[in-house]
Amino acid sequence: MTFEEVLVQKNEEAPHFAGQTLEDVLAVAKNNHCLTVGVYESAKVMNVDPDSVCFCVLAADDEYECDIALQIHFTLIQAFCFDNDISVVRVS
């Protein structure tokens with residue numbers, strides 16, 4: 001699903017901001033059962049079929065900065081995404 005398809009599907013005239021558009025894309029992906037949530041679940045999907053992944057959204061929240069294990073997973077996911085030409089979007 002692309003940003004354009006979401007905009008057409010919602011049929012709204014008002015301009016979207018990047019955050020709202022991302023939110024819309026994720027909501028549509030969830031409704032179509034093609035959204036994977038969670039570090040471990042996402043890593044499994046990307047390992048099995050990286051070509052099925054459009055992009056990866058990672059949290060950039062200060063709340064999780066002290067969780068070293070989670071930061072290591074984020075770093076590994078970013079490296080995997082880079083190696084497989086998967087775009088990474090960091091959101092707070």
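**Figure 1. Residue C34 in the loop between α2 and α3.** In this predicted model, C34 is placed in the loop that joins α2 to α3. C34 counts as exposed because its relative accessibility is 52%, and the term exposed requires a value over 50%. The view also includes S52, which lies 18 residues from C34 along the chain. The C-alpha atoms of C34 and S52 are separated by 9.6 Å.

**Figure 2. Residue H33 and its positive phi angle.** H33 is located in the loop between α2, which spans residues 18-31, and α3. Although H33 is not a glycine, its phi is positive, at about 60 degrees. H33 counts as exposed, with a relative accessibility of 74%.

**Figure 3. Residue D85 in the loop between α4 and β2.** D85 belongs to the loop that links α4 with β2, the latter covering residues 87-91. The phi of D85 is near 55 degrees, which is a positive value in a residue other than glycine. D85 is exposed, and its relative accessible area is 74%.

**Figure 4. Residue S42 in helix α3.** Helix α3 comprises residues 39-48, and S42 is found within it. S42 is classed as buried because its relative accessible area is 15%, and buried means under 20%. When residues up to four places away in sequence are not counted, S42 touches T36 and V37.

**Figure 5. Residue F74 and its contacts.** F74 lies in helix α4 and counts as buried, with a relative accessibility of 7%. Leaving aside residues up to four places away in sequence, F74 touches V39, L58, A59 and R90. One of these contacts, V39, is 35 residues from F74 in sequence. The C-alpha atoms of F74 and V39 are 7.7 Å apart in space.

**Figure 6. A nonpolar patch on the surface.** The patch is formed by I68, I72 and L76. Together, these residues have about 310 Å² of accessible area. I68 is placed in helix α4 and counts as exposed, with a relative accessibility of 56%.

**Figure 7. A negative patch on the surface.** D61, D62, E63 and E65 form this negative surface patch. One of its members, E63, is situated in the loop between β1, residues 55-59, and α4, residues 68-83. E63 is exposed, with a relative accessible area of 56%.

**Figure 8. The chain as the setting of the close-up views.** The secondary structure consists of four helices and two strands. Beginning at the N terminus, the order of the elements is α-α-α-β-α-β. The chain has 92 residues, of which 21% are buried. Among contacts between residues at least 6 apart in sequence, 59% join residues at least 24 apart.

Key:
Residues are numbered from 1 along each chain as its sequence is written. This is a predicted model: local features need pLDDT of at least 70, side-chain atom pairs count only at pLDDT 80 or more; totals for chains, interfaces and linings use all residues. Side-chain values use heavy atoms; hydrogens and water are left out. Patches are made of residues with over 30% relative accessible area and no salt bridge: like charges are joined within 9 Å, nonpolar side chains (Val, Leu, Ile, Met, Phe, Trp, Tyr) within 5 Å. Accessible areas come from the Shrake-Rupley method with a 1.4 Å probe; for residues, only the protein chains shown count as cover. A salt bridge is a side-chain nitrogen of Lys or Arg within 4 Å of a carboxyl oxygen of Asp or Glu. Lys and Arg count as positive and Asp and Glu as negative; His and the chain ends are not counted. The place of a charge is taken as NZ of Lys, CZ of Arg, CG of Asp or CD of Glu. Buried means under 20% relative accessible area, exposed over 50%, partly exposed in between (1.4 Å probe, protein chains only). Contact means heavy atoms within 4.5 Å.
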